[in-house]
Amino acid sequence: MGPEEITFYDLARAPPSKCWSFNPWKTRLVLNYKQIPYTTTFLEMPSIATHHASLSIPANSNSSSTLLATPYTVPLLKLPAHHYSNRTASDKFIMDSAAIARELETLFPEPALRQDTPAQQRIEALWPQIMRIIGPAILPGITKMLSPLSVEYFISTREAAFGVNISDYDSPQAVEKAWEDVKPLLVELGEVLNAKGGPFVEGMEVTYADFVLVSIMVFLERASSGYEGAVERFVDVDGGFGRLWEACTGWMERDD
């Protein structure tokens, strides 16, 4: 038996479980891009806090500043001790996709994946604005995708976070209005993407900014159950999104 692989804790959905949520996708893309061996454990939403607390994982220090103010989140990575040169090291748990990306870059520097660029910061600043507009419209689709164990938890927490009744948005009209309202922000995203000629945000160099942007697209695509076509909507706004999507397809193949 070989060395223990990294364990990637992802967010469950109704079987068959596949990666679908924004933050876990950022981590999965890094793992896939760097070809790092890992196994996936899918966690139901109501069990995340208990699971993480049982491992003595510190709560998110910035949870009060986020939309959902959640102290325990996924992705979570378990990095076995053998990845560290210190012989007395123990297994390391890291929560938060940005922190995970930095740790993976330290442990697995090739192929390189530059992070914290100005373009990445612009994309990350636009994402909460996009989510405030499009979020309520995709919530009904997510409730149809989740397992019964997570649906009630999801509805109560998201209705409180967005200040909406999810059933009010369960219509094609609500979805179309949200996509129309969010177009100016998608135009801004396209400007960031195309600034250096593409297909990637930094031109021909793959960076973490690309994975943040692709994670937005794949999340909205998979979360919009019943109202598919999110990627096509991005491409309708700017063809650069389609070129980025195509360039990253290979790193999206493993999603379980």
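I began with Asp181 and Lys177, whose side chains form a salt bridge with an N to O distance of 2.7 Å. The model is predicted. The two residues are four apart in helix α6, which places about one helical turn between them. I noted Asp181 as partly exposed, at 37% relative accessible area, and Lys177 as exposed, at 52%. Through shared partners, salt bridges also link Lys18, Arg222, Asp255 and Asp256 into one network.

I then searched the whole structure and found 16 salt bridges. One of them joins the side chains of Arg102 and Asp116 at 3.2 Å, N to O. Arg102 belongs to helix α3 and Asp116 to the loop between α3 and α4, so this pair ties together parts 14 residues apart in sequence. Both partners are partly exposed: Arg102 at 42% and Asp116 at 38%.

I next looked up Arg114 and Glu205, which meet in a salt bridge at 2.8 Å, N to O. Arg114 sits in the loop between α3 and α4 and Glu205 in the loop between α6 and α7, so the pair ties together parts 91 residues apart in sequence.

For helix α1 (residues 22–33), I found 11 of the 12 residues buried, so the helix is largely enclosed by the rest of the structure. Just after α1, Gln35 has a positive phi of about 55 degrees.

Last, I examined α9. Asp238 caps its N-terminal end, with a side-chain oxygen 2.7 Å from the backbone nitrogen of Gly240. I located a kink of about 35 degrees centred on Glu246. The buried residues of α9 include Phe241 and Trp251; its buried residues pack against α1, α6, α7 and α8.

Note on methods: Residues are numbered from 1 along each chain as its sequence is written. This is a predicted model: local features need pLDDT of at least 70, side-chain atom pairs count only at pLDDT 80 or more; totals for chains, interfaces and linings use all residues. Side-chain values use heavy atoms; hydrogens and water are left out. Buried means under 20% relative accessible area, exposed over 50%, partly exposed in between (1.4 Å probe, protein chains only). The bend at a residue is the angle between axes fitted to the seven residues ending there and the seven starting there. Contact means heavy atoms within 4.5 Å. A polar contact is a pair of N or O atoms within 3.5 Å; within protein, one must be able to donate a hydrogen and the other to accept it, and residues adjacent in sequence count only if both atoms are side-chain atoms. A salt bridge is a side-chain nitrogen of Lys or Arg within 4 Å of a carboxyl oxygen of Asp or Glu.
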